[in-house]
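Let's take a quick walk through the packing of this chain. Have the viewer open and follow along.

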Amino acid sequence: MTTKNKQENKYFCIFDYFLDGVFLKWEEVQGECPVFIHGKDWVVSLEDGTQITAKIIETEVISDNERRIFLSSS
């Protein structure tokens with residue numbers, strides 16, 4: 001489930017990324033929160049343009065529109 005911004009009539013989702021247990025970044029994306037598949041590779045784009053590809057090891061639902069995504073570099 002996602003939160004709908006009634007003023008703009010849009011959905012959004014906030015991701016908090018953790019890589020190997022260390023906070024990496026947070027990101028707000030428009031659209032519905034996707035279903036995360038554990039073991040799947042996920043690409044995170046950092047502010048400096050670097051992209052990190054890591055495996056999803058766990059996800060935690062914080063609220064209707066916020067997810068913590070735990071990634072592993074190994």
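This is a predicted model: local features need pLDDT of at least 70, side-chain atom pairs count only at pLDDT 80 or more; totals for chains, interfaces and linings use all residues.

Numbering starts from 1 along each chain as its sequence is written, and side-chain values use heavy atoms, with hydrogens and water left out.

Start with the largest nonpolar core, which has twelve residues: Cys13, Phe15, Tyr17, Leu19, Cys33, Phe36, Trp42, Val44, Ala54, Ile56, Ile69 and Leu71. A nonpolar core here is a set of buried Ala, Val, Leu, Ile, Met, Phe, Trp, Tyr and Cys residues joined through side-chain atoms within 4.5 Å. Two or more residues each come from β2, β4, β5 (51–63) and β6 (66–72), and β2 gives the largest share, four residues. Strands are DSSP runs (E, at least two residues), numbered from the N terminus. As a rule, nonpolar side chains in soluble globular proteins tend to be buried together.

Leu71 is a handy place to look: leaving out residues up to four places away in sequence, Leu71 touches, among others, Tyr17, Leu19, Trp42, Val44, Ala54 and Ile56. Contact means heavy atoms within 4.5 Å.

Now the rings. There are five aromatic pairs in the structure. One of them joins Phe15 and Phe36 edge-to-face, at 5.5 Å centre to centre and 85° between the planes. That pair spans 21 residues, from Phe15 in strand β2 (residues 10–19) to Phe36 in the loop between β3 (22–30) and β4 (41–45). Rings of Phe, Tyr and Trp (its six-membered ring) pair if their centres lie within 6.5 Å; planes under 30 degrees apart are stacked, over 60 edge-to-face, and the rest tilted. Phe15, Tyr17, Phe36 and Trp42 form one aromatic cluster.

Here is how accessible three of these neighbours are; buried means under 20% relative accessible area, exposed over 50%, and partly exposed in between (1.4 Å probe, protein chains only).

| Residue | Relative accessibility | Class |
|---|---|---|
| Phe15 | 4% | buried |
| Phe36 | 11% | buried |
| Pro34 | 33% | partly exposed |

Pro34 sits in the loop between β3 and β4 and touches Phe15 and Trp42, not counting residues up to four places away in sequence.

Finally, Asp16 lies in strand β2. Asp16 is buried yet has no salt bridge, with the nearest side chain of opposite charge, Arg68, 4.4 Å away. A salt bridge needs a side-chain nitrogen of Lys or Arg within 4 Å of a carboxyl oxygen of Asp or Glu.

Key
Lys and Arg count as positive and Asp and Glu as negative; His and the chain ends are not counted.
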